[in-house]
Amino acid sequence: MDEDAVDVTDTPDETIQWRRDASTSRTVRLLWMLGVGTFFAAIGIVIWWRLYRVAGEAAGGAGRTIITALVVAFAATVLALAASSQTERHLERLVRQLPVDVPSGTSLNRAMDAAVGTVVMGSVIGGLMGIGRYVSQTGLLAGAGPFTGLAALCLPLALIALVLASFLQSVGALDRDEGTIYLYEPEQAIDLAVIDTVSVREIGDAAVLGLTYAQPDGQYVQGPRRIVVPPAVARDIAAIVESRD
């Protein structure tokens with residue numbers, strides 16, 4: 001797995017700040033894009049199929065061709081906008097006759113990620129369903145079960161991708177002087193003085209920290225047991241805890 005461009009800032013006051021989200025981590029961005037895109041693609045395929053059937057009943061082959069051409073044009077437009085270095089300007093030209101506001105900045109990036117994910121996963125799901133239909137009609141296989149099953153499997157995999165994207169996001173700071181980890185989403189403060197041991201497992205650009213809390217007088221200490229931070233931050237945290245031991 002390639003390392004992502006995670007935003008880590010080492011400030012002069014012995015504080016390390018970091019941000020891992022879809023804007024700074026390719027892993028988080030890809031998981032979010034494919035997860036959201038899969039659900040949008042599934043909805044889009046259902047809508048396309050209904051329109052395809054209605055158009056076929058109303059205008060025959062010409063109607064079905066028009067609906068398919070519109071979908072292909074939409075996909076081509078999305079990919080062209082995503083590949084452009086001036087996406088916002090081109091998008092403004094496309095929708096200037098419509099009463100809608102063009103997103104910008106982070107909102108535009110997330111919208112384009114969702115659109116690209118929809119096109120990619122729509123192609124995957126549609127391709128699997130098309131292959132299944134073909135082999136079923138031609139008698140190459142007894143039914144389209146394997147391909148239909150793979151297409152249906154995309155939905156639970158998309159849910160897993162969204163859960164992983166949420167888990168791998170992290171925004172916080174490590175104050176070396178105070179020996180405290182500050183997490184901002186949600187807001188939490190973890191005093192390293194109450195941490196007995198730290199386990200570190202690096203996964204690409206991320207490090208999953210397992211925190212074992214001390215239990216003075218048998219009392220349970222509240223706090224997250226696992227957090228995700230950049231590897232450099234994880235090594236600093238482990239070094240602080242080990243130095244106190």
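**A walk through the predicted model**

At 16% relative accessibility, Arg110 counts as buried, and its salt-bridge partner Asp113, whose side chain meets that of Arg110 at 2.8 Å from N to O, is likewise buried, with a relative accessibility of 4%. These values, like the others below, come from a predicted model. Both residues belong to helix H3, which covers residues 105-138, and they are three positions apart in it, or about one turn of the helix. An α-helix has 3.6 residues a turn, so residues three or four places apart point the same way. Side chains of opposite charge can pair when their charged atoms come close. Arg110 counts as buried because its 16% relative accessibility falls under the 20% cut-off.

Five helices and eight strands are present, and their order, read from the N terminus, is β-β-α-α-α-α-β-β-β-β-β-β-α.

Among the helices, H1 deserves a careful look. This element spans residues 26-83 and has 58 residues, yet the C-alpha atoms at its ends are only 16 Å apart, whereas a straight helix would reach 86 Å at 1.5 Å a residue. H1 also has a bend of about 145 degrees, located at Ala59.

Helix H4, residues 145-168, is where Leu153 is placed. Together with Leu150, Leu157, Ile160 and Leu164, Leu153 makes up a nonpolar patch on the surface, and the five residues have about 440 Å² of accessible area between them.

In soluble globular proteins, nonpolar side chains tend to be buried together. Here, the largest nonpolar core holds 20 residues, and Leu174, Ile181, Ile190, Leu192 and Ile227 are the ones with the most contacts inside it. Two or more residues of this core come from each of strands S2 (15-20), S4 (180-184), S7 (206-213) and S8 (226-229), and from helix H5 (231-244). Of these elements, H5 gives the most to the core, namely five residues.

Arg176 pairs with Asp236, with 3.2 Å between the closest N and O atoms. This pair connects distant parts of the chain, for Arg176 sits in the loop between strand S3 (170-175) and S4, while Asp236 is in helix H5, 60 residues apart. Arg176 is partly exposed at 25% relative accessibility, and Asp236 is also partly exposed, at 24%. Salt bridges that share partners also join Arg29 with Arg110 and Asp113 in one network, which leads back to the pair in helix H3.

Asp21 and Arg19 meet through their side chains in a salt bridge of 3.0 Å, N to O. Which of the two classes, buried or partly exposed, applies to Asp21 at 11% relative accessibility? Asp21 counts as buried, whereas Arg19, at 31% relative accessibility, counts as partly exposed. In total, the count of salt bridges in the model comes to five.

Methods: Residues are numbered from 1 along each chain as its sequence is written. This is a predicted model: local features need pLDDT of at least 70, side-chain atom pairs count only at pLDDT 80 or more; totals for chains, interfaces and linings use all residues. Side-chain values use heavy atoms; hydrogens and water are left out. Patches are made of residues with over 30% relative accessible area and no salt bridge: like charges are joined within 9 Å, nonpolar side chains (Val, Leu, Ile, Met, Phe, Trp, Tyr) within 5 Å. Accessible areas come from the Shrake-Rupley method with a 1.4 Å probe; for residues, only the protein chains shown count as cover. Helices (H or I, at least four residues) and strands (E, at least two) are DSSP runs, numbered from the N terminus. The expected span of a helix is 1.5 Å times one less than its number of residues. The bend at a residue is the angle between axes fitted to the seven residues ending there and the seven starting there. A nonpolar core is a set of buried Ala, Val, Leu, Ile, Met, Phe, Trp, Tyr and Cys residues joined through side-chain atoms within 4.5 Å. Buried means under 20% relative accessible area, exposed over 50%, partly exposed in between (1.4 Å probe, protein chains only).
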